[in-house]
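Keep the viewer open as you read.

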Amino acid sequence: MHAARRQSIDDHRARRLATRALFGEGRKAGLTWFERLHGYVYARWPHTYIGAAIGERRDLAWKRVLLAPFLARALFPKLWGDEYHGKVLPTEQAIRLLQVHEPVSVPLSEQVLPYESARQLVLSGDGPFVVLDCPCRLAREHPCEPLDVCLIIGEPFASFVLEHNREHARQITRQEAVDIVEAEAARGHVHHAFFKQAMLGRFYAICNCCSCCCGAISAHLHGTPMLVSSGYVAQVDEERCVACGTCVQACPFGALTLTDGLAIDTDRCMGCGVCPRVCPQQALTLVRDASKPEPMPLATPEAMPETMIRALTP
C-alpha cells in the first residue's frame, strides 16, 4: 500500500509539473487565458475532444456541454480553418521531420504557409517522442488498426500528453517513431504535420491518417479547409501507366479517375504521395506545383536554412 501511495503521489506530481510547463509555455507564446485553457482541454482529453467534435461516440454526448466553449471553435468552419491545420507530408518528409537532431526555429509568413496559427514553426527534434492512440480512430465504431499512430513530438506537449493519457500513450524512441511512419505509409495512409493555435501556435504532432477515420480528411473533403497541400501534385508517366486503377482506389482525396487513361484533378490532389507508393508500374511521381503552398522547409536541401541542413546531417 505504501508503494502504491508513493507511486500515486509521484504520478500526481508529474502531471502537475507537465501542466505547469504547458501553461507556462503558453504564457510565453502570448496566448490568452482562454487559449491556454483550450490547449489544456484539447491535450488533456484528446479522445473526448476529437470524438465529440467529429460527431462520433454517443456516449460522449453529455461531455459536449462541458466542452462547448472549446468545441465552438471546431464546429464553425472559419474558426476551425483559421486555428487548426494539418500540413500534408510525403513519407520521406515526415521521416526527415523526425530526424532533426537539434531544435530549429524557422520564421514563416502567411505567404509561405497559409496557417494563421503557424507564424513560427519549431521543430524540437531532440524529442521526447510519444505515441498516442489516434483519437479519430478510437472514436469510430469500427476503427482501422493499429490505433497507436499519432506522434506527439517535443516539449511541453509530449510530457503533458503522456502524463495525462497513460492508458492511451507511451514514450517511444526516435527510431520507433520512424518505424510507425513507414508502417503507416505501407498501409496507404497520409502523414499530416499538425498546428493548432491553442497548442502554442506551432508544430506539435505528426498524425498518420486513413480517410475512413480521420476527422481532418473528412472535414477537408466536405469543405472545411483544415488541410494544406504538401506543395506537390501527382504526375503520371503515360507510357508506363496501364490503367489498372490501383491508385484510383487508394487516393484518400478522390483526385484520380480513369476515363481514356488516368486523369489527375490537381485541385483535389494534396501531394500526399500515396499513389506513387501503390502504383505497381511506378508510373506516378510527385512534382512541385507552384500554384500550391510552399513545401515544409525540410522538403529539399536548397530550400533549407544552413542551420537546418546542419541539423539534418548525421
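**A walk through the model**

Gln282 is exposed, at a relative accessible area of 60%. Gln282 sits in the loop between helix 12 (274-278) and strand 13 (284-288). Helices here are DSSP runs of H or I with at least four residues, strands are runs of E with at least two, and both are numbered from the N terminus.

Before going on, some housekeeping. This is a predicted model, where local features need pLDDT of at least 70, side-chain atom pairs count only at pLDDT 80 or more, and totals for chains, interfaces and linings use all residues. Residues are numbered from 1 along each chain as its sequence is written, and side-chain values use heavy atoms, with hydrogens and water left out.

How confident is the predictor? The pLDDT, its confidence in each residue from 0 to 100, averages 76 over the protein, and 72% of the residues score at least 70. Residues 299-314 have pLDDT below 50, and this stretch has 28 contacts in the model beyond near neighbours in sequence. A contact means heavy atoms within 4.5 Å. Over residues 104-124 the pLDDT also stays under 50, and there the model has 60 contacts beyond four places in sequence. Where pLDDT is low, the predicted coordinates should not be read in detail.

Back to the backbone. Ala243 is another non-glycine residue with positive phi, again near 55°. You'll find Ala243 in the loop between strand 10 and helix 11 (246-250), where it is partly exposed at 40% relative accessible area. Two cis peptide bonds are worth a look as well: one runs from Glu145 to Pro146, with omega near 5°, and another from Glu155 to Pro156, also with omega near 5°. Pro146 lies in the loop between helix 7 (135-139) and strand 5 (148-153), while Pro156 is in the loop between strand 5 and helix 8 (157-164). For context, most residues other than glycine have a negative phi, and most peptide bonds are trans.

Of its 8 residues, 7 are buried, so the helix counts as mostly covered; the buried ones are Phe157, Ala158, Phe160, Val161, Leu162, Glu163 and His164. Helix 2 (residues 33-44) packs on helix 8 at an angle of about 55°, with the axes 9 Å apart. Axes are lines fitted to C-alpha atoms, for helices over the stretch in contact, and angles run from 0 to 180 degrees between N-to-C directions. Helix 2 and helix 8 are therefore oblique to each other: angles under 35 degrees count as roughly parallel, over 145 as roughly antiparallel, 65 to 115 as roughly perpendicular and the rest as oblique. In this contact, Tyr40, Ala43 and Arg44 of helix 2 meet Phe160, Val161 and His164 of helix 8. By class that makes 4 nonpolar, 1 polar and 1 charged residues, where Ala, Val, Leu, Ile, Met, Phe, Trp, Tyr, Cys and Pro count as nonpolar, Asp, Glu, Lys and Arg as charged, and the others, Gly among them, as polar.

Now try helix 6 (residues 91-98), which is also mostly covered, with 6 of its 8 residues buried. Those are Thr91, Gln93, Ala94, Ile95, Leu97 and Leu98. The axes of helix 6 and helix 9 (residues 174-186) come within 9 Å and cross at roughly 170°, and the two helices are therefore roughly antiparallel. From helix 6, Thr91, Ala94, Ile95 and Leu98 meet Arg174, Ala177, Val178, Val181, Glu182 and Ala185 in helix 9. That contact has 7 nonpolar, 1 polar and 2 charged residues. An α-helix has 3.6 residues a turn, so residues three or four places apart point the same way.

Last stop, the cysteines. How many disulfides does a search of the whole structure find? It finds 0, a disulfide being a pair of cysteine sulfur atoms within 2.5 Å. The sulfur of Cys209, for instance, is 3.8 Å from its closest cysteine sulfur, in Cys214, which is too far for a bond. Cys209 is buried, at 8% relative accessibility. Cys244 is partly exposed at 46%, and its sulfur is 6.1 Å from the closest cysteine sulfur, in Cys279, again too far for a bond.

Terms used: Buried < 20%, exposed > 50% of the residue type's maximum accessible area, 1.4 Å probe, protein only. pLDDT = per-residue confidence, 0-100.
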